[in-house]
Structure formats: C-alpha cells, structure tokens
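This briefing concerns aromatic rings and their neighbours in one protein structure. Please keep the sequence and the model in view while reading.

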Amino acid sequence: MPRNCIRETSPKENEIFLWKMDPPNKERRSPENGPSSARPCCSSLKMFLVALSFAYFAKALSGSYMKSTITQLERRFDIPSYLIGVIDGSFEIGNLLVIAFVSYFGAKLHRPKIIAIGCLLMSLGTFLIALPHFIIGRYKFETSIRSSVNSSSNLSPCPVGSGVLATAPSTTAGPSSGCEHESRLSMWIYVFLGNILRGIGETPVQPLGISYIDDHALEENAAFYIGCVQTISVIGPVFGYLLGSICAKIYVDIGFVNMESISITPGDARWVGAWWLGYLIAGLITLLSAVPFWFLPKSLPLPERRLAKYSPERTSFIKDSPLLEHKYQADEPANFLEMAKDFLPTLRSLLGNPVYFLYLCITIIQFNSLIGMVTYKPKYIEQHYGQSASKANFLMGVINIPAVALGMFSGGVIMKKFKLSIMGAAKFALGTSLLGYFLSLFFFTMGCENASVAGITRSYNGTESLYKEDKYLLASCNTICDCPRRNWDPVCGENGLTYISPCLAGCRTSHGSGMDTVFEQCSCVAVGNHTASVGQCNNRDSCHRVFPYFLALSVITSFIISLGGTPGYMLLIRCIRPQLKSLALGFHTLTTRTLAGIPAPIYFGAIIDTTCLKWGQKKCGGRGACRIYNTTAYRIAYLGLTLGLRTASFFLCFLGLVVLRRHVQRQERNTLANGGTGAAAGELQALRKEENNSCNSDQCPQTADYDPERETRL
C-alpha cells in the first residue's frame, strides 16, 4: 500500500532524484533569499549553454567545411562522387561505433567532461584530414601547355606522329616505377580515418548536451534554450561555407608554385583550392571549444521555480519523503555491470513507444533526402549553373544557411509564444514540411542547357546533339593529329564551341604562356581567325538568367521547412520518459546516421556518377574525377531522388499523426477515469493539468486498473 501511494504521488521522479542528490540548504530556500536562490544554478546553466553553443558551432563549422570541399577532394585525389560519399559517410560510421554506449552510460557520468573529451577527439580528427597535403606530392593537372610555361615560342598542339600530347599516358600503357609507387599511396584514406575520428568525438555533444539542458532548465524555457542551441548549430555552417569559399579561391599549392604558370582558373573543372587550410583552422576552433566543459559541474541543483508552482504541502511531501529517497537510491545502478544489464530492457521499452518508433522511421527517410541534398548541393550549383566552387560555397553560406538558421529560431519562438502542445507541434512541423515540398517542385522548371562541347554534347559543326563519350571525339578536321582522347584540357573556339583539347580542335600552333596562351590555325574552328583560348566557353546566358530565381526559391523553401525543426525536435524529447531522454536522443542520432547519414551520400553520389559525360584520367592511368555532366540528367536524378524520398515520408507522417492523436485522447480518458480515486489521486490529477502533457506513463499512477496502452509518454 505505501508503495502504491508513492507511485501515485510522484509524477516528477527525475526532478525529485536530482533534488535529493543536491538539496538546497535552508538559507537558500528561505523567503528572504528567494530572489537570489536560483542565481548559482542559472549562472552555471547559462555557462553550459554558452559552452554547448560554441561546441555546436565548432562541429557544425568543420562538418559544413567538409561538404564544401567535396569537389576539391574529388579532383585532388581523382576519385568519383560515390567514393566521396563514402568519405562523407565515415563521420556517421564514427558515431555508429560509440553513440549508443555514450548516450546510455554518459547520462549517468560527468556529462560536461565527456563532451570535453569528445571535442578533443573532433579536433584531432580534423587535423588528421589535412595531413595528406603535407605528405603528398604537388598537384599536377592535365594540360597541353606545360612545356611552354614562361615561354613565348611556338609549340604545335597537333603532332602528326609523336609530340607533346602524344606522350601523355594512355589508359593502356603500363605505369612507370615512380607511378607504381605513387598509386599505392591512397591519400584519401587519411581523410576517411580523420572523419571517422571526428564522428567519434562528436558523439556525446548532442545527446548529453540537450538532455543536460532539459534536466536543469525550467520547463517553459527548455524549448527556447534548445532552439537557441540549434540555431547556433545552423550558424556554424555559414562560417564553414564562407571558409570553404575563401580556401577554394586559393590554389592548393600556394607558396610552392609560380602562380603565373597556372593555366586554369577557379571555375575550371581541374582547379583544386587550398582545401587543407580550412581544416587546420576548423581543428583549432574545435580544440578551443573543449576548454569550458572541464570547469562545469556534473549536475545542477533543481531550480526553485520548478517546485514553487506546487502547493507548499505538496512541495514539502516531495522533498521530505524518506520512502521516496530510498526508492531512488535503490533504483540508481551502482556500477557499469548493472547499467549494462538494464540496457536492453530499456531499449525495448523505448522502441515499444509507437509515437517514438514512427517518428524514428519518418526522420530516417527525411534525413536521407536532406543529407543527400545538402551534401551535393554546392556541386549541383557548380555543375548545373556553371558557377565556381568558391561562389557556390559563398552562396550556400551567405544566402541559404542563414535562412535555415532564421527558420529554426523562429520555430522555437513560435512554439514558446503560442504554447504549442505536442499535437500542435506535430501539426505545425507537418504543415511547414508540406508547404516546402510543394514549393520545391518548381526546381524542376529551373533547368539549364548542357554546355556545348564538341564531340560530347554537340557535333563538330555545332548542330547535332550528342551524349556519348569518346565515340564522336574524332572528326575530319582533327584526324591528322595524333590526339589522346582521355585528356581534359578544354579550349574555347571563336565559334563559341568548347573543345576537349587544343589537339582535338585541330590547332597547329600556339604562343604565349599560362592563361595568356592562344592557339592558332585550329582547323575545327571554322570562323574568324581560327583561334582558340584557354578554358571552357562560358556562353550559357539563359542559365545565368534563371540562376537568381533558383537562389530565391532555395532560400524560401529552406526557411519554411526549417520552421518545423524545433517543434519536431521537442516532439522527440516529450514523447519519452525523462529518464530515457539521453538514450532516446542518442538512439535517434544513431539510427538516422546509420540508415541515412552513411548510405545517402554514397547512393546519391553513385546516381550522380551515372550522368557523367567525360571522365578525367589519373596520372597513372584509370578513371579519375568527372569533368562534365549531362545537366538535364543530373537535375532529374538529383531533384527526383530528393523529392521522391520526401514524398514517401509523408505517408508515415499522416499515420504518425493519427497514432499520436489516438494516444493523447486515450491518456485524457484514463486521466478523467482516475480523477476521483481519493485525495492523493486528486492531487496527482491537479499535477497533471499543471504539467500540460509532460507526464509520462512510468511516472503516472499505476493502480489496479493500470492499462499498458496508456503509455503515450507525452
């Protein structure tokens, strides 16, 4: 009987336990000291908020910088998009290794110090990513004017028998001994391992940080605090993409080469920026973010205002009950072995929550769409709209990401201002997602024509459309030249047509050096002076006109969709027991990153690779990075896959909304049915009303008429 009484009068078990672990002294609880009683707690909580925000900023900065360097890494290591997806997904592999255990055991240990250790590991992993630059050789790109650098003498790009271009390595020629040595050095492995280490270090930041805030903040402020932290985490990518934009403008081997000898620009498909520099800066910032957490306490005293809303008698009963104290001390695991034994039953209880399980399935599908879209969006802007990597990263950081940050912050403010219930938050998140989805359909109408490249997208007379690699590269105007067909060294003819190389353009002579090289007597350029200049032609005027509309729509849709981010996150937190918050957040992160973060970049990249029209060639032979894509096929594959996944998620969204409403209604009926079972139950009924749907099934009264179906945990 006493045990039932304890169950019926303890709807805030987690708060009582925290209060028992660190009870405030009488002086602090006195009416005279009331105004200053919460100062130490609030001060420490604010310090934790600042430290966690900085950690979120640091991890978001390094993560977004990784995505901004995707095309740079592709070109530097001569790898296809799907392999870049493997590297990008290695971050989630690191999370997968430890996140479940960190989320479960970390909640029972010193959370701030565990977060500090994670920041140190993130910093070490970021430095490791930059390591290949210091141990690999200088970057050498495909070019036909390498020997004419700093020389104005004539050089024939069109050798009849053997010449400069004819000596280029072919796909069938065996590599030299030096090449064999270099081919064994898969330098991208260091990037892969460094990103895994980053993922391991990032593991405790989100689940332990968010649960720490939710445990110690006032209930009415928790959503606002979490919204602020999430907003900071979205501001981090602004600086990450801006850093990526700056580094993409700097040549990879800056300081070690004569820049006047470089015959490519940042807009060229062979350009590689100083990708390594940003990782050094991001690693230093992450290292600094670990410092504040070493000075924060394991837990904070329960804010007095969380108890002040209850009656004095009720507060006194909560604080002074020896039976309750004994219960919580007995229920707390004493060592790691006991905690380990509780892990599987606790996980089964968590997954047995239908609302949580459906939320998990929905976010897995939507995260597949989101991660794939965000990972390759800068590349989409580069390839589809003909922008440089620097400009694409700049636009992502200055225009797109701030819209997401404003949406996340506005969502938290709306939820606080209108005091949205769990059902209200779910409907709001679904509504914003649907509106953003319908607006995103207009992206299909904002397409660009393919670049005009002789022998690939256009015939040599510029009239017929082609989409085949190598088959039509040779024509009557260049048959007398011994041209390798694998090299990518584009030149722009006077006729506005791009040729893969000056040799395939039929050019006989050249003069100048570097970017000032001019090719003359080009037999395939049948207009004007028969000349061609270095680089690809930039004559896609209609594409440049539609690009501002693409940016405007991208900003609007990003803002609308992100409005539902914070309410959706609060739904995740409030649909489970407080004791399971850390595990629920950690398991949610684990599953989404395992089933979305790892595979999405890989299969998105693999599908994008199928739209490639011309592959580059590695120095030692074999297929390198893609040089030019079929923009129409790229648009359909990229946007179709992104929106197709979101379409599938909406079916589960409507099902989840129905399940959530049914469980809320059942909880209300059971609450009314148990409302008149005595004074203790009456007090409990009042507590439930005051808590506004924050009661959980394991904290609610369990009497003889207890129904397991009541476990909505909302």
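The points below describe aromatic pairs, an aromatic cluster and charges placed over rings.

The model is predicted. A search of the whole structure finds 24 aromatic pairs. A pair of aromatic rings is described by the distance of the centres and the angle of the planes.

**The pair Tyr 65 and Tyr 279**

- Tyr 65 and Tyr 279 form an edge-to-face pair, with 4.8 Å from centre to centre and 85° between the planes.
- Because Tyr 65 belongs to helix 4 (residues 39–68) and Tyr 279 to helix 13 (residues 275–289), the pair ties together parts that are 214 residues apart in sequence.
- Tyr 65 is buried, its relative accessible area being 0%, and Tyr 279 is buried with a value of 1%.

**The pair Tyr 460 and Tyr 499**

- The pair formed by Tyr 460 and Tyr 499 is tilted, with centres 6.0 Å apart and an angle of 40° between the planes.
- Tyr 460 is found in the loop between helix 20 (422–440) and strand 1 (491–493), while Tyr 499 is in strand 2 (residues 498–499), so this pair ties together parts that are 39 residues apart in sequence.
- Tyr 460 and Tyr 499 are both buried.

**An aromatic cluster**

- One aromatic cluster is formed by Tyr 380, Tyr 385, Phe 443, Phe 547, Phe 550, Tyr 629, Tyr 634 and Tyr 638.

**Charges over rings**

- Over the face of Tyr 56 lies Lys 59, at 4.6 Å from the ring centre.
- Arg 138 places its charged end over the ring of Phe 256, 4.1 Å from the centre of that ring.

Notes
Residues numbered from 1 in each chain as written. Predicted model: local features only at pLDDT ≥ 70, side-chain atom pairs only at ≥ 80, totals over all residues. Heavy atoms only, no water. Phe/Tyr/Trp six-rings, centres within 6.5 Å; stacked < 30°, edge-to-face > 60°. Helix = DSSP H or I, 4+ residues; strand = E, 2+ residues; numbered from the N terminus. Buried < 20%, exposed > 50% of the residue type's maximum accessible area, 1.4 Å probe, protein only. Lys NZ or Arg CZ within 6 Å of the ring centre and 35° of its normal.
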